[in-house]
Amino acid sequence: MSATASAPPTLAGYVSHHLKNFSSASQEKLVDFTVINLDTVFWSVFCGVVGCLVVWLVARKATSGVPGRLQAAVELLVEMADGQARAQIHGDRRFIAPLALTLFIWISLMNCMDFLPVDLFSQIFHWLGWDSVIHYHRAVPTSDLNGTVGISFGVVVLMVYFGIKVKGLKTFLHELFCAPFGAALAPFNFMLNLIEYISKMVSLGMRLWGNMYAGELLFLMIAMLGAFAALSLGGAFLFLGHVIAGAIWAIFHILIVFLQAFIFMMLTLVYLGLAHEGH
């Protein structure tokens, strides 16, 4: 979320302002690969580094005795990721199981950024005198469609990699151009398979983005409606109601945050399992 010293006076203006990214340039076209959402890149890398650092520190200090709470939590996540990978992949899982664990932790941490106060960073930027430079800011990378589709594109790249690795380049290309209708319809087969890869990428990214975007939008509306209620007649009771509603939504959103990370991990394993098994 972002900020200027003076907040927009309307609910629509407030929400619209907070749903804009801090970008390298103004986007004029629907698709413009020259524009980079710097806040999405920063917080994605930040969450990835934090996740890897925490797991590395726990693994470094792990003991064979009674584990501490953090070690026990990490061990549960490792067993969960390995168990799900074992259910989907019946061959070598040395790369896929750690990938599943990394995806779950990384996406969970990015989703959890949604629990930070809506105007926290705008206030920090104001204190630092950066609000004249950083007009917009969003701290939830998974609420940016560019971020989620970028991750799902990486999954598709891994599908192609495992398809070639398991089947061999010749067999992979043969299936790409000759399945399901034979070599006589090679161009049609290729377009059909290409659409399948693209649809998997889009659906995987859109599912995660849609849930996180909706959650962020509801938090913004609850925050702004609570502020309006506090200024209105009898606002104390209305404000209390919005606080309670926000707390209830936050508790429910905790489930959504981790459920979406788990679903993304599971679909990734399913897609990689199909490539790994040669289907």
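Reader: Leaving aside its neighbours within four places in sequence, which residues is glutamine 260 in contact with?
Author: In this predicted model, glutamine 260 is found in helix α9, which covers residues 235-277. Once the neighbours within four places in sequence are set aside, the residues in contact with glutamine 260 are Asn111, Arg207, Leu208 and Asn211.

Reader: Is glutamine 260 buried or exposed, and why?
Author: A residue counts as buried when its relative accessible area is under 20%, and as exposed when that area is over 50%. The relative accessibility of glutamine 260 is 6%, and therefore this residue counts as buried.

Reader: Which side chain is joined to that of glutamine 260 by a polar contact of 3.4 Å?
Author: A polar contact requires a pair of N or O atoms within 3.5 Å. The contact in question, at 3.4 Å, joins the side chain of glutamine 260 to that of asparagine 211.

Reader: Which elements give two or more residues to the lining of the second largest cavity?
Author: The second largest cavity holds about 30 Å³ of space, and the count of cavities of 30 Å³ or more comes to two. Its lining is made up of Leu204, Arg207, Leu208, Gln260, Ile263 and Phe264. The elements that give two or more residues to this lining are α8 and α9.

Reader: Which element gives the most to the lining of the largest pocket?
Author: The largest pocket contains about 640 Å³ of space, and among the 22 residues that line it, those closest to its centre are Phe33, Leu145, Asn146, Gly147 and Val149. At least two lining residues are supplied by each of α2, α6 and α8. With six residues, the element that gives the most to the lining of this pocket is α6.

Reader: Which element supplies the largest share of the largest nonpolar core?
Author: This core has 38 residues, of which Ile107, Met113, Phe264, Leu269 and Leu272 touch the most other members. Two or more residues come from each of α2, α3, α4, α5, α6, α8 and α9. The largest share, 10 residues, is supplied by α4.

Reader: Which residues does leucine 272 touch, not counting residues up to four places away in sequence?
Author: Leucine 272 is one of the residues that touch the most other members of the largest nonpolar core. With residues up to four places away left out of the count, leucine 272 touches Ile89, Ile96, Leu99, Val155, Leu158, Met159 and Phe162.

Reader: How far apart are the end C-alpha atoms of helix α2, and what should its 23 residues span?
Author: Helix α2 runs over residues 38-60, and its buried residues, including Trp43 and Cys47, pack against α3, α4, α5 and α6. At 1.5 Å a residue, its 23 residues should span 33 Å, which agrees with the end C-alpha atoms, whose separation is 32 Å.

Reader: With which side chains does the side chain of glutamate 216 make polar contacts of 2.8 Å and 3.0 Å?
Author: Glutamate 216 is found in helix α8, and because its relative accessible area is 1%, it is buried. The polar contact of 2.8 Å joins its side chain to that of arginine 138, while the polar contact of 3.0 Å is made with the side chain of serine 143.

Definitions and conventions: Residues numbered from 1 in each chain as written. Predicted model: local features only at pLDDT ≥ 70, side-chain atom pairs only at ≥ 80, totals over all residues. Heavy atoms only, no water. Helix = DSSP H or I, 4+ residues; strand = E, 2+ residues; numbered from the N terminus. Expected span 1.5 Å × (residues − 1). Buried < 20%, exposed > 50% of the residue type's maximum accessible area, 1.4 Å probe, protein only. Contact = heavy atoms within 4.5 Å. Polar contact = N/O pair within 3.5 Å; in protein donor to acceptor, adjacent residues only side chain to side chain. Core = buried A, V, L, I, M, F, W, Y, C linked by side-chain atoms within 4.5 Å. 1 Å grid on protein atoms, 1.4 Å probe; cavity = no way out; pocket = protein on both sides within 12 Å on 5 of 7 lines; lining within 4 Å. Points joined across faces, edges and corners; volume = space filled by probe spheres on them.
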